[in-house]
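This report goes through one structure by topic. The sequence and coordinates come first, followed by the description.

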Amino acid sequence: MDRMKYAIECRGVRAGYGRQMILEDVNLAIPEGDLLAILGPNGAGKSTFFKVLTGLHPLQAGEISLFGHPLNRLSSAERARLIAVVPQEVETPVAFSVAEIVLMGRTAILPRWTQPSAHDFQVVDRALVYTDVAGIKDRPFSDLSGGEKQRTIIAMALAQEPRLILMDEATSHLDINHRFEVMQIVERLNQESGVTVVMISHDLGLAADFCRRLVLFDHGRIAADGVPAAVLTDELLKSVYHCPIHVRQDSQTGTLNIQPARRPNTSRAGRGIRVHVVAGGGAGEELMRHLALAGYSFSAGVLNRGDSDTQIAETLGAELACEKPFSPIGPEAIQKALTLAQAAQVVVLTDVPFGPGNLPNLDILEDALRRGHPVLALAGIESRDYSPGRTASRRLEDLVKQGALICPTIADLIAHLPAASPSEKDNP
Amino acid sequence: MSTPRFKSWCFWGLVAGTLPILVVCLLLGASGAGLPDLQTPAGMAILKLRLGRVLAGFIVGAGLAGSGVVLQALLRNPLAEPYVLGVSSGAGLGAALAILTGLGAAIGVLALPLFAFVMACVTLTLVYFLACRGADEPSVYGLILSGVIVSSICSSLLMFMISIAPLEGLHSILWWMLGNLQASSNNQLMIAGLLTTLSFFAVWSLAPQLNALTLGTEMAHHLGVRTQRIVRIGLVLATLMTASCVALSGLIGFVGLIVPHAMRSLMGPDHRRLLPAAALGGGLFLVICDAAARTILAPVEIPVGVITALLGGPFFLFILRRKRGPGWIG
């Protein structure tokens with residue numbers, strides 16, 4: 001009886017095409033009511049796993065049970081009453097209306113000779129309302145937008161009254177808003193009706209947002225299985241996706257941000273030029289990203305540890321001068337920053353707010369000007385100056401008199417940075 | 001235009017209109033409009049003759065349109081019809097064999113439909129396995145491509161047989177190739193009617209599965225359809241319908257293509273309603289065409305295939321032009 005608690009139980013599942021094995025020894029138990037995502041690079045066996053689960057592709061070894069029933073003993077109609085599938089995209093050359101498409105969810109149940117029963121229509125109507133397509137139920141399916149189509153297909157899956165829904169990259173063609181909307185429908189379904197949902201997704205962040213459990217596939221095996229924080233780690237993702245990936249927690253929403261690390265493009269204008277960035281409080285994020293894209297190498301500081309700018313700079317491989325979290329800049333940190341800035345050809349000031357704690361950062365700019373290095377600053381310091389007696393604004397005014405350049409936008413600032421060209425190589 | 005209410009109106013209008021239209025066509029003939037004098041044996045004979053033709057026209061039109069609907073759904077292709085898959089040409093070749101070898105006369109009335117069906121099945125099997133190319137299921141493009149090829153081979157064989165046929169056989173085979181609704185015997189009419197009716201109801205019972213198959217075989221599989229089985233059954237039933245029609249009336253084109261499209265754009269693509277609508281519409285279409293063939297140049301009779309093509313061609317263009325209608329899209 002214990003088995004009945006599982007929606008899917010796979011033991012030693014092997015499957016492939018010809019001699020090429022795609023799935024090798026997959027063991028997975030998914031309890032009923034779970035909301036779970038299967039992740040992994042292209043070719044890891046995710047889609048084949050779904051095909052095996054739905055009986056589209058034969059097993060070469062192992063066994064699969066769905067809700068305690070061995071898969072190979074289920075008839076097509078019985079299987080359709082347990083599992084519904086929402087694929088990436090459904091197209092039909094025939095102009096079925098939305099309501100007609102949703103009614104197709106009941107293909108395995110519809111009576112052969114008579115009209116669909118009142119119950120059938122009731123289920124369809126409920127599915128239409130649930131996914132918010134009731135208002136367009138008479139429109140031809142092929143005329144709908146991507147989001148509407150996908151909601152219609154989910155309604156069709158609901159009309160199947162399944163206990164398990166498999167979503168095969170069901171949101172990957174949708175824009176960010178519709179993607180979220182579709183996921184919310186699925187989440188609500190999972191919470192309210194206890195339908196088990198298993199989704200394949202390439203959007204690691206979205207999967208981490210909505211799922212309690214992630215399963216990472218790699219080369220036909222399960223490489224990791226657990227809560228998002230345990231599966232989405234830099235090391236695991238790097239070994240599976242074969243490229244450096246950084247996982248950060250977003251400071252505002254607490255969601256996980258997963259991004260491949262930018263590889264510096266050596267052919268860009270910034271090649272061989274080093275910039276020192278004075279930032280803090282998230283003000284440097286965009287500028288640093290642009291610098292890295294343009295191929296500049298850069299150092300940053302003084303920054304407080306734990307600041308989002310610090311995380312970004314670390315991710316992008318910058319050398320840092322750091323101070324303890326929430327502490328004013330001390331002599332040791334400023335000395336390190338001065339050393340870093342001296343190794344750079346340019347010093348850049350982002351739109352960081354100033355208070356008594358980070359005023360010493362302006363020393364870095366003064367030092368650079370004294371040594372004849374260009375200094376660029378983003379405009380608008382007046383509005384973010386919280387230093388006593390507006391010291392920061394007044395000091396920056398002085399710096400401008402000494403040759404510092406104020407730039408209105410980041411793009412403007414990047415344009416004023418020195419570029420690598422033969423004539424400038426001798427004169428840094 | 002395409003509200004569910006409008007579609008319903010169209011459908012029930014067609015159902016209600018069928019019988020009156022058939023009666024009107026029964027009253028038209030080469031001997032003039034109106035009921036012939038039933039007191040005379042000649043009048044009775046004329047009525048019987050017209051009744052046979054109206055029945056044959058209805059059966060053949062319904063069968064061709066029905067199998068067109070089925071093939072279009074199974075192949076997810078608006079151009080699919082009995083001719084495209086080579087089914088008609090195969091059946092035609094079989095019928096020509098029966099006529100020319102004299103086997104038809106030797107075996108009896110069943111020989112023509114039997115030969116037509118056997119040859120249609122042979123061509124369909126050939127087309128099916130050519131299209132499979134080692135895979136379990138044939139691809140749609142494979143089916144259409146091999147259908148066109150096999151169909152043209154059958155046509156060449158037919159041409160070859162015509163070229164070596166004796167003169168007396170030539171006329172009957174030519175007349176038959178142009179399409180002719182004058183059944184040679186009541187038995188033949190009954191057999192074709194029975195086979196077409198049975199296959200039609202069998203196919204109608206698959207309507208929900210046909211609907212699901214238009215979403216593609218994988219999606220249909222997820223909806224609980226045993227796709228391979230349904231595709232095979234559907235192909236065989238469509239072949240049976242086509243073969244019995246071809247054996248009865250010869251090669252009448254366009255019905256299997258136009259009628260399904262027209263019905264779909266009027267009543268929507270749901271096969272539970274589309275199949276009976278296409279059968280009624282196809283039947284009426286051919287009966288009307290035949291009435292026109294008998295009366296326009298009376299007493300000279302135009303081959304009905306000429307009329308269907310002359311009416312059907314422009315009508316098909318009209319349908320293609322208003323592409324955004326609720327028929328096929330893209």
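Which domains does the domain assignment of chain A give?

## Domains of chain A

The model described here is predicted. The assignment gives domain 1 of chain A as 2–258 and domain 2 as 274–424. Between the C-alpha centres of domain 1 and domain 2 of chain A there is a distance of 47 Å.

## Nonpolar cores

The largest nonpolar core has 186 residues, of which A:Val102, A:Leu214, B:Ala95 and B:Ala116 touch the most other members. The element that gives the most to this core is helix α2 of chain B (residues 41–75), with 15 residues. Another core lies apart from it and has 48 residues, including A:Ala300, A:Leu303, A:Leu362 and A:Leu396.

With neighbours within four places in sequence left aside, which residues is A:Val102 in contact with? They are A:Val124, A:Ala127, A:Leu128, A:Thr152, A:Ala155, A:Met156 and A:Ala159.

## Contact between the chains

Chain A puts 26 residues into the contact, and chain B puts in 26 residues. On the side of chain A that touches chain B, α2 (76–82) and β6 (83–86) of chain A each supply at least two residues. The element giving the most to that side is α2(A), with four residues.

## A helix pair in chain B

Two packed helices are described by the angle between their axes and the distance between the axes. In chain B, helix α1 (residues 4–26) packs against helix α13 (residues 271–295) at an angle of about 25°, and their axes are 10 Å apart. Because angles under 35 degrees count as roughly parallel, α1(B) is roughly parallel to α13(B). Their crossing is left-handed.

From α1(B), the contact is made by B:Phe11, B:Leu14, B:Val15, B:Thr18, B:Ile21, B:Leu22 and B:Cys25. From α13(B), B:Arg273, B:Ala277, B:Leu280, B:Gly281, B:Leu284, B:Val287, B:Ile288 and B:Ala291 take part.

## A loop residue, A:Val94

A:Val94 is located in the loop between β6 and α3 (98–103) of chain A. Is A:Val94 buried or exposed? A:Val94 counts as buried because it has 26 C-beta neighbours inside 10 Å, and the cut-off for buried is 20 or more. A:Pro140 is 46 residues from A:Val94 along the chain, and the C-alpha atoms of the two are separated by 8.9 Å.

## Backbone geometry

Most residues other than glycine have a negative phi, and most peptide bonds are trans. Where in chain A is a peptide bond cis, with omega near 0°? This is the bond from A:Gly301 to A:Val302. A:Val302 belongs to strand β14 (residues 297–304) of chain A.

A:Glu161 is not a glycine, yet its phi is positive, near 50°. This residue sits in the loop between α5 (146–159) and β7 (164–168) of chain A. A:Glu161 has 18 C-beta neighbours inside 10 Å and therefore counts as partly exposed. A:Glu169, also not a glycine, has a positive phi of about 50°. A:Glu169 lies in the loop between β7 and α6 (176–193) of chain A. Why does A:Glu169 count as partly exposed? There are 18 other C-beta atoms within 10 Å of A:Glu169, and partly exposed residues fall between the limits of 12 or fewer for exposed and 20 or more for buried.

How values were computed: Residues numbered from 1 in each chain as written. Chains lettered and ligands numbered in written order. Predicted model: local features only at pLDDT ≥ 70, side-chain atom pairs only at ≥ 80, totals over all residues. Core = buried A, V, L, I, M, F, W, Y, C linked by C-beta atoms within 7 Å. Contact = placed C-beta atoms within 7 Å. Domains from an automatic or database assignment. Axes fitted to C-alpha atoms, helices over the stretch in contact; angles between N-to-C directions. Parallel < 35°, antiparallel > 145°, perpendicular 65-115°, else oblique. Left-handed = near helix turned anticlockwise from the far one by under 90°.
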